[in-house]
Amino acid sequence: MKWNLRLTAANKGIWKASELQRSLAEHGLVISAGKMSGLWSGQPVSLKLENLDVICVVLGCEIGDLLIPEPQKVSRPGQDNETERIAVGAATTPPPVVPKRRDGRSLPPE
């Protein structure tokens, strides 16, 4: 997911993190300067759903304005990164299962 707070705020005429921080506090969401800086300039590691509600109310936006999906970044098992980007959404055949002995050695060919 791409965090799009700064652009969403700019579209509503809010150009500084401190402006948004004040507006959020007026709506009951008090955020420390450090956390506000992280929300404003980075990608949050975690964010409460209730806080997202307040942010959306203050900015007059939808959740889709703040969180932009990036499905091309989702890894697929058994593929390298370049193949993953090309094959997103495409049907792929999983690699064959090769039986092994309990000690990890391959079974002899039949």
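1. Let's start with Cys61. In this predicted model, Cys61 counts as buried because its relative accessibility is 9%, and buried means under 20%. The closest cysteine sulfur to that of Cys61 belongs to Cys56, 4.0 Å away, which is too far for a bond.

2. Now for its neighbour in that pair. Cys56 also counts as buried, with a relative accessibility of 12%. A disulfide would need the two sulfur atoms within 2.5 Å, and a search of the whole structure turns up zero disulfides. Cys56 is accordingly in no disulfide, with the sulfur of Cys61 as the nearest cysteine sulfur, at 4.0 Å.

3. Cys56 sits in α4, so let's look at that helix next. Along with Cys56, the buried residues of α4 are Asn51, Leu52, Val54, Ile55, Val58 and Leu59. What covers them? The cover includes the strand β1 (2–3) and the helices α1, α2, α3 and α5 (63–66). Following α4 comes Gly60, which has a positive phi, near 60°.

4. Which residues have the most contacts inside the largest nonpolar core? They are Leu5, Leu20, Leu24, Met36, Trp40, Leu59 and Leu66, in a core of 20 residues. Two or more core residues come from each of α1 (5–11), α2 (17–26), α3 (33–41) and α4 (49–59). The largest share is that of α4, with six residues.

5. Leu59 is worth a click in your viewer. Leaving aside residues up to four places away in sequence, Leu59 touches Leu5, Thr8, Ala9, Lys12, Ile14, Leu20 and Leu66. Leu5, Leu20 and Leu66 from this list are also named among the core residues with the most contacts.

6. Turning to α2, its buried residues are Ala17, Leu20, Ser23 and Leu24. Why do these count as lying on the same side of α2? They span an arc of only 125° around the axis, which places them on one side of the helix. As a general point, an α-helix has 3.6 residues a turn, so residues three or four places apart point the same way.

7. What do the two sides of α2 look like? The buried residues pack against α1, α3 and α4, whereas Arg22 and Glu26, on the other side of α2, are exposed. After α2 comes Gly28, with a positive phi, near 95°.

Notes:
Residues numbered from 1 in each chain as written. Predicted model: local features only at pLDDT ≥ 70, side-chain atom pairs only at ≥ 80, totals over all residues. Heavy atoms only, no water. Buried < 20%, exposed > 50% of the residue type's maximum accessible area, 1.4 Å probe, protein only. Core = buried A, V, L, I, M, F, W, Y, C linked by side-chain atoms within 4.5 Å. Helix = DSSP H or I, 4+ residues; strand = E, 2+ residues; numbered from the N terminus. Contact = heavy atoms within 4.5 Å. Arc of directions from axis to C-beta.
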